[in-house]
Amino acid sequence: MEGDQDTSDFTLVTRKPCFGLPTACPNCLPAYIYLKLAQLPFQLAFNSTFPDSEELPYFESGTYVAYNNEDGGVIEKLEKDGIVNLDSQLQSLPDYLSLKALIVSWLDEALTYEIWVGTEGASASKIYYSDLPWVIGKVLFYKQTYLTKKRLGLTKENAEQREKLIYKRASEAYEALSTRLGEQKFLFEDRPSSLDAFFLSHMLFTIQVLPETSVLRHKLLEQSNLVRYAERLKSEFLEESSSSPSPPLHSFPSSFSGMGSKTKSKPKAEKSEEEKKFKKRARFFLAAQFLAVVIYVSVMGGVSSDEVEYEDDDY
């Protein structure tokens, strides 16, 4: 792709904002922060059509598209194609690969465990499935939890041992990164890198999204210089964007109010008959929902780029 491409055409498509973050998706947030650290102007759009899609986030400009599940992810794809590269002079440094392993391996594993297992999905449902019908959201949640446990090698027999190892690695990674950072502005002294994008994303998600009871959150907050690092970068690169109003999102109606449901009294026999009809209809409804889930999970496999929502202002 040509380096003189008009940047006004750049768009990053992510999952919706939540928990005070421009996007609450742990896969999307690093790409957003990377573009902000690189000071590359772009528009932000949201897609909630396929919450379990591995293609999100994706970066597009005209006919060019960089998907999350291709060529190592959006950030690596943008660097390979010469659109933006914060790591061009850092990849040969001896600390680069070791720090990358800590952040994108150990810490990513720990965060994944916390989201789907450690906190029992307290935040996952709100991030991924809140715009879906309840039944479909529940099925997809349990499906993703199962896949996560499988990917992390968790079984009933080794669950406790694996949990200890995951938290131990995360604690060691925080300590190593704390020592490496000191009071520097970035992980590599005076210049941002993709590792800052990944690590800042991890920290903001851990602090702002995970509940206060989170073990991972507690371990992170023990490293005060890491917290100061996150606060500085958030204030300099993200706060101006996050203060702007969020774009409208597709949403389902809130729960129906029960007020006034007892304003009319009916004969006991009529009420009983209505309850029978309601239960009968409910069974048909659940069956239809189940069929919809089966079709949704087995047939739908991609993200429709047609149903995205754009902010009015450029980023």
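Let me start with strand E3, residues 58–61, which is covered on both faces. On one side are Tyr58 and Glu60, on the other Phe59 and Ser61, and all of these are buried. Keep in mind that this is a predicted model. As background, side chains in a regular strand alternate between the two faces of the sheet.

Now the neighbours of E3. Strand E1, residues 11–14, runs antiparallel to E3, and 3 bridges join them.

E3 and E4 form a hairpin, and 2 residues lie between them. Glycine 62, in the turn, has a positive phi of about 65°.

Next, the helices. Two packed helices are described by the angle between their axes and the distance between those axes. For H1, residues 29–37, and H7, residues 194–208, the angle is about 130° and the axes are 8 Å apart. The crossing of H1 past H7 is right-handed.

Which residues make that contact? From H1 we have Leu29, Pro30, Ile33, Tyr34 and Leu37. From H7 there are Ser194, Asp196, Ala197, Phe198, Leu200, Ser201 and Leu204. Sorted by type, the residues of this contact of H1 with H7 are 9 nonpolar, 2 polar and 1 charged.

How values were computed:
Residues numbered from 1 in each chain as written. Predicted model: local features only at pLDDT ≥ 70, side-chain atom pairs only at ≥ 80, totals over all residues. Heavy atoms only, no water. Axes fitted to C-alpha atoms, helices over the stretch in contact; angles between N-to-C directions. Helix = DSSP H or I, 4+ residues; strand = E, 2+ residues; numbered from the N terminus. Left-handed = near helix turned anticlockwise from the far one by under 90°. Contact = heavy atoms within 4.5 Å. Nonpolar A, V, L, I, M, F, W, Y, C, P; charged D, E, K, R; others polar. Buried < 20%, exposed > 50% of the residue type's maximum accessible area, 1.4 Å probe, protein only. Pairing = 2+ DSSP bridges.
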